[in-house]
Amino acid sequence: SSPNAARDMFAAIMDNGFVDNKATRFVTVEYMTYTPFVNYFAAHKFYVEVAPGGAWLSEGVTKNFRVWTTNMASKTVYDFFFLSFILYYCVVFVREWYNDYLTSRSILKFIFDAWNFLEL
């Protein structure tokens, strides 16, 4: 779990022919890290692709997320009510849109109304 061990492991992969310059077109490396001080996990994904012209294209993505504990119960309740509020008003918006469609027979009239456009 040290940088030298990772370097040695990658060198062994290259030496054993798992990755070579002729047959390999795409390599991905994925691993997770945990930081106990702040209680966060991080998922790391790194991609390297060899383009048809021979160029090496690389991309890396890291996503951080916190481990849920009972200390976060109040935040979870708040998030649930906030989500319920948003879903309720989405249903109200769609219902008003449908009622406007029944009266005017125009789908876009409701959307392009200034106040409804702001609610989107």
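F41 has a relative accessibility of 28%, so F41 counts as partly exposed; buried means under 20% relative accessible area, exposed over 50%, and partly exposed in between, with a 1.4 Å probe and protein chains only. This is a predicted model, in which local features need pLDDT of at least 70 and side-chain atom pairs count only at pLDDT 80 or more, while totals for chains, interfaces and linings use all residues. Residues are numbered from 1 along each chain as its sequence is written, and side-chain values use heavy atoms, with hydrogens and water left out.

A pair of aromatic rings is described by the distance of the centres and the angle of the planes. Rings of Phe, Tyr and Trp (its six-membered ring) pair if their centres lie within 6.5 Å; planes under 30 degrees apart count as stacked, over 60 as edge-to-face and the rest as tilted. Across the whole structure, a search finds 11 aromatic pairs. In one of them, F41 and F65 are stacked, because their ring centres are 5.8 Å apart and their planes stand at 20°. This pair links distant parts of the chain, 24 residues apart: F41 is in strand 2 (residues 40–50) and F65 in strand 3 (residues 56–66). Helices (H or I, at least four residues) and strands (E, at least two) are DSSP runs, numbered from the N terminus. F65 counts as partly exposed because its relative accessibility is 37%.

Y78 and F82 are also stacked, since their ring centres lie 6.3 Å apart with the planes at 20°. Both residues lie in helix 2 (residues 73–104), four residues apart, about one turn of the helix. Y78, at 55% relative accessibility, counts as exposed, whereas F82, with a relative accessible area of 44%, is partly exposed.
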